[in-house]
Each structure stands twice: as structure tokens, then as C-alpha cells.
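The sequence and structure are shown first.

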Amino acid sequence: MAVKTVRRPELTFWEKLYLPQIFCGLKITSVHFFRNLFLHTAHLMGRLTHLRAAATYQYPEELRPLMSRYRSRHRLTLREDGTPRCVGCMLCETVCPARCITIVPDEHPDPNVEKYPIRFDIDLGVCVYCGYCVEVCPEDAIRMDTGILDLAAYSREAMQLDIHELMDPKLRKPIGECKLTFPHRCSLSGGEMKGSWEGIAGSQGR
Amino acid sequence: MMEVLLIKVVLAGIVLFAVLNLAGFHTWVERKQSALIQDRIGANRAAVLGFKLMGIFHGLADVLKLFTKEDIVPAGADRTLHTIAPFFSVFFALVTFAAIPFGDQLILGDRVIDLQVAGINAALLYVFAMLSLGVYGVILAGFASRNNYALLGGLRATAQMISYEIALGISIMGVIMVYGTMDLAELVRAQGELLGGWLPKWGIFTQPVAFFVFVTAALAETKRLPFDLPESESEIVGYFVEYSGMKFGMFFLADFLETVVVACLATTLFFGGWQVPYLLPDGFHFPWGTTLAVPQWIYALLGVASFSVKGLFFCFVFMQLRWTVPRFRYDQLMKLGWRGLFPIAVVNVVLTAVVLLFLGESS
């Protein structure tokens, strides 16, 4: 068995004196201190704003730049008339490893389109942000490019996004009013839904 | 008699006001300076009426929080000692300032006021006695908490204090030999002379080795990084594990107060105290022959300003050191104290004695 002898690096005379090394350390911290002090002062006067004085971001006020492929909160893309592109093919619901997507499809009024979702729920408390739903969608109907990162809520129920919030990411709270331009029965407005929950995969216990 | 008493009370009030505020200010400085060193912004959220002023109100918020927190005395702890300990810490840190001269004499009418709370002629002994007694609070806290970790912290503090007190005392010996006095006011006055006509006779120039030994040992006295073994948040949490609320806050305050004490001492002993270079009681006398007359009250004020600037500079340096150097291992600490600083300090005293002997013979 090969033996590898690891030798600890010997300290040189100057390093053993300890004091010069402390001054080296002080130099490093002082360079950071005075550089940042200078930049902060310049920023207060509105100068040198292209140089950052801190590596940190002041989060709620200042958002971090995200990579274009970053997977953030979901949204449903729209057609030109404002209806969802989703055709209710259930591929995303099928592929979802966390089973957080629930779709209730209905017959579309346009004979050229087979189905549309009357209900499209994503439970963010369950979602694992794998992005499979985006990959699998044949219609480019769901994307994860809103750049919204703050997903905190006070209850599990509030973590669920319905179709309105998915189509218009600016809506956070579920609203009863239906934004679709063609007849759409919205569960939140108390309208009757077609289809039954019982027969839908992954919806047990709802 | 009443007037003398009144003057002393006012002086003590000024010193207490300045020192306590400076210690409170240290919480802000510590946050912001560490933030700048580490490329962060630092605490900046606390606001009064919408004004944030770079987070300066966080100190106030801290104190409010500490005062409103529940004060817990652990079951089985010695209630009396547990309560007294933080007061001891703060008390001994505060009384040390009495002997430190923060300015020369101020002449008001026919009354001469020494800008020093207590003119003790063995002030140096008093200061070091009080500094050493400061550890009493720490030991009591560790002892009375009935907690093994607190006790460990207290023991560490004791051992560290004893080891470094010796190096501290011996390093001072050289300074006393050079200036021939234990009275801090006289010591500062003696530092006003010039060496070779242009270099102020400050302790740093006559006793450079003693300065480094003193600062190292004094930093160890303050129990802050790199010598914060009694505290060591990451290993034993320290002697104040069992403290909460303002009692904990008082230990924190004592820490900052000791930093200020040490900064003031370093200024007094090695950086000429309130001396402004080339400033004599009647005005500036520059080595190239120019003189500039200065009124007496401005002279006194300049002295106080000089002392404050030097003291603040040392506070800054200590804070910078605290965020630069990592904590020592315990054996390294003892090795540095006994095998490093102690012999160096002794050799320094011997060399100083020899040099003084020869200088005394030649003159």
C-alpha cells in the first residue's frame, strides 16, 4: 500500500515572529475597510455607482439579477385573445414528480381546439421546481420565467396558485372574478365545474 | 470646599458621559466596521421617525430589547453572586477612568482645574489594580452560574488574566523607568519634551518594544478576539451563558469599556496622552523656530481633543485587529504569554536599565 507522507509546511522566521503576519492581515482588512468606506461615501454623493461597495444585496429593495434559465414561479402563457394556451393535455400533470399540478379540462368553444383548462392549480408547497412541466408542454403553455422568488405564505392553502394567478403573475391573492374572455366557469366565483374531481389522477384527498 | 467637590462631580460626569456613550457607540462601530471589512453593509434597518442614519439606532434598539427581556437566574445558582457579577465587571471598568488624565490644566479665573477626575500620585498602580479586579466579575459569573461551561469560561479568564497581567506590568516598568514617575499626569507631562529637538518624547519612541508587549497583553485583558477564550462563542459560549437581559448586556458593556480603557491607557503611556506635538502651555514652538501663541483655554481644549483623537484611533485599531486575527488555541495563548511576551518584557526592562545607566553617566 502506497504511503503518502504529508509534510506540514514549516513556518519561516518572519512567520514565526507573528507580528509581521498580523500586519499583513491588518493590511488586507484595512484595504477592504477603506475601499468600501470610500465607495459608500462616493455612493452617498451619487458618484461611482458602477462599483459595488458590498457583495451583498439589500434584498426586498434590491433584487438579485437572475440567470435567464433560472426556474422561478410558474406562469401560464396566453394566446393573443388572452385565453390560456394550455390545451388540457394533462402531460404536465402526468410528468410532475411531486404531483402538485391539478388540471380540470373542459371542451373548448373553438372546434379547432380540443380542450381548455377550467381549473389549473399548482400547489407551491409541494412543487420541487424541477421544471419538467415546462419541458414536457407541447404548446409552450407553462413557463417558469416570472422571476418571482418570494413564495412565503401563512398557510398551506395560500401556497396554492389557481389559474388566475398563473395567467397573471401579478395577482397573488385568489380573486373571484374571471378574467377569461370566453365562458369560463371559475371555481372561486362559485360557478359550477364540469368534470369531477374523483376521476382525476393525483387529486385524492382534495 | 463645595466648589472643589462640584468641579470633581462635573469632571466625573463628563468622563462618565463620554465613556459610556463611546462604549454604546462601539456596538455600532463594531457592526459597521466588520461589515465594511467583510464587504457587507451591516445593520441598517432600525429607524426613528423614518430616519435610519446608517443604522446608528440599532444600539438603542439593543438596549430596549435587553431591558425588556426576562432576567433569568438558573436554578441552583448563587443568586447574590449571580446578580453582583455583572455590576462588578462594569464598575471596575468604569472607575479605571478616574485616574486617566484627559487634558492638561484649565485655568478659569484664578482657579486651576486639573482635567483629571482623581489626581492619584500612584495612578498607574491604581489603574492596574482596577484592571485586574475587572476579572473578578467574570470569575464570579462563571462560579455563580452553576454551569460547567460558564465555570470553564471563568477559569480560562483567570488563567489568561494572571498570565498576561505579568507581561503587562513588566512592560510598563520600562516606561516608569524612563519617565521616573507613577503619576499619570506627571508621566504625560514628561512626554512633552523633545528628543533631539524635533521628536516628541512619547513612549512609543522611547519604549517601542514595551508598546507592542503592552498592546498585546492589554488586548488579552479586554477578553476580545484574538484573546476571547473566556467567551469563545463557538466552543463554550463562555462565562455569561446563564445571563440574559441587561445583565448580559452589562458584560457586553464591560467588554467595550475595557477596550476604551486600554485605548486610553495606550494613549497615555505611549502616545503622549493629551500632548500635541510642539504645543507648550503658551503656544506652538516648532523646531524650525516659528512660534504661535495660543490662549490658555484653547491650549486645554487642544489637549482634550488630542487625547480623544488618539484614544479613538486606538479604539479603531483594536476593532480592526479584532476582525483580523482569529482566536488563539489555549496552549498557544499560554505559550505566547509565558514564552513570548514575558521574556521580551523582562529583557526590555534590563536593556532599558542598562541604557539609562549609561545615559545617566554620560550626562
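B:Arg146 has 15 C-beta neighbours inside 10 Å and therefore counts as partly exposed, since a residue is called buried only when 20 or more other C-beta atoms lie within 10 Å of its own and exposed when there are 12 or fewer. The model is a predicted one. B:Arg146 is found in the loop between α4 (123–144) and α5 (148–179) of chain B. Its phi is near 55°, a positive value in a residue other than glycine.

A:Leu48 is not a glycine, yet it has a positive phi of about 55°. A:Leu48 belongs to the loop between α2 and β1 (75–76) of chain A. Because 14 C-beta neighbours lie inside 10 Å of it, A:Leu48 counts as partly exposed.

B:Thr206 has 20 C-beta neighbours inside 10 Å, and so it counts as buried. When neighbours within four places in sequence are left aside, B:Thr206 is in contact with B:Val178 and B:Lys201. From B:Thr206 to B:Ala150 the separation is 56 residues in sequence and 42 Å in space, C-alpha to C-alpha.

The packing of helices in chain B comes next. Two packed helices are described by the angle between their axes and the distance between the axes. For α5(B) and helix α8 (residues 208–221) of chain B, the axes come within 8 Å and cross at roughly 150°. That angle makes α5(B) roughly antiparallel to α8(B), as angles over 145 degrees are counted in this way. The crossing in which α5(B) passes α8(B) is left-handed. On the side of α5(B), the contact is made by residues including B:Tyr164, B:Leu168, B:Ser171, B:Ile172 and B:Val175; on the side of α8(B), the residues include B:Ala210, B:Val213, B:Phe214 and B:Ala217. By class, the contact of α5(B) with α8(B) comprises 12 nonpolar residues, three polar and one charged.

Residues up to four places away in sequence not being counted, B:Phe214 touches B:Leu168, B:Ser171, B:Ile172, B:Ala266, B:Leu269 and B:Phe270.

How is α9(B) placed against α1(B)? The axes of α1(B) and helix α9 (residues 245–270) of chain B come within 9 Å and cross at roughly 110°. These two helices, α1(B) and α9(B), are therefore roughly perpendicular to each other. α1(B) passes α9(B) in a right-handed crossing. In this pairing, B:Val19, B:Leu22, B:Ala23 and B:His26 of α1(B) meet B:Leu253, B:Phe256, B:Leu257, B:Thr259 and B:Val260 of α9(B). The contact of α1(B) with α9(B) has seven nonpolar residues, two polar and no charged ones.

Chain A can now be outlined. This chain contains five helices and five strands, which follow one another along the sequence in the pattern α-α-β-α-β-β-α-β-β-α. Chain A has 206 residues, of which 19% count as buried. Among contacts in chain A with a separation of 6 or more, 60% are between residues 24 or more positions apart.

The last step joins the two chains. Their contact takes 14 residues from chain A and 12 residues from chain B. On the side of chain B that touches chain A, α1 (2–37) and α10 (296–322) of chain B are the elements that give two or more residues. Of these, α1(B) gives the most, with three residues. That side of chain B divides into seven nonpolar, three polar and two charged residues.

Helix α2 (residues 19–44) of chain A packs against α1(B) at an angle of about 100°, with their axes 7 Å apart. Accordingly, α2(A) and α1(B) are roughly perpendicular to each other. A:Thr29, A:His32, A:Phe33, A:Asn36 and A:Leu37 of α2(A) make the contact with B:Gln33, B:Leu36 and B:Ile37 of α1(B). Its residues comprise four nonpolar, four polar and no charged ones.

Conventions
Residues numbered from 1 in each chain as written. Chains lettered and ligands numbered in written order. Predicted model: local features only at pLDDT ≥ 70, side-chain atom pairs only at ≥ 80, totals over all residues. Contact = placed C-beta atoms within 7 Å. Helix = DSSP H or I, 4+ residues; strand = E, 2+ residues; numbered from the N terminus. Nonpolar A, V, L, I, M, F, W, Y, C, P; charged D, E, K, R; others polar. Axes fitted to C-alpha atoms, helices over the stretch in contact; angles between N-to-C directions. Parallel < 35°, antiparallel > 145°, perpendicular 65-115°, else oblique. Left-handed = near helix turned anticlockwise from the far one by under 90°.
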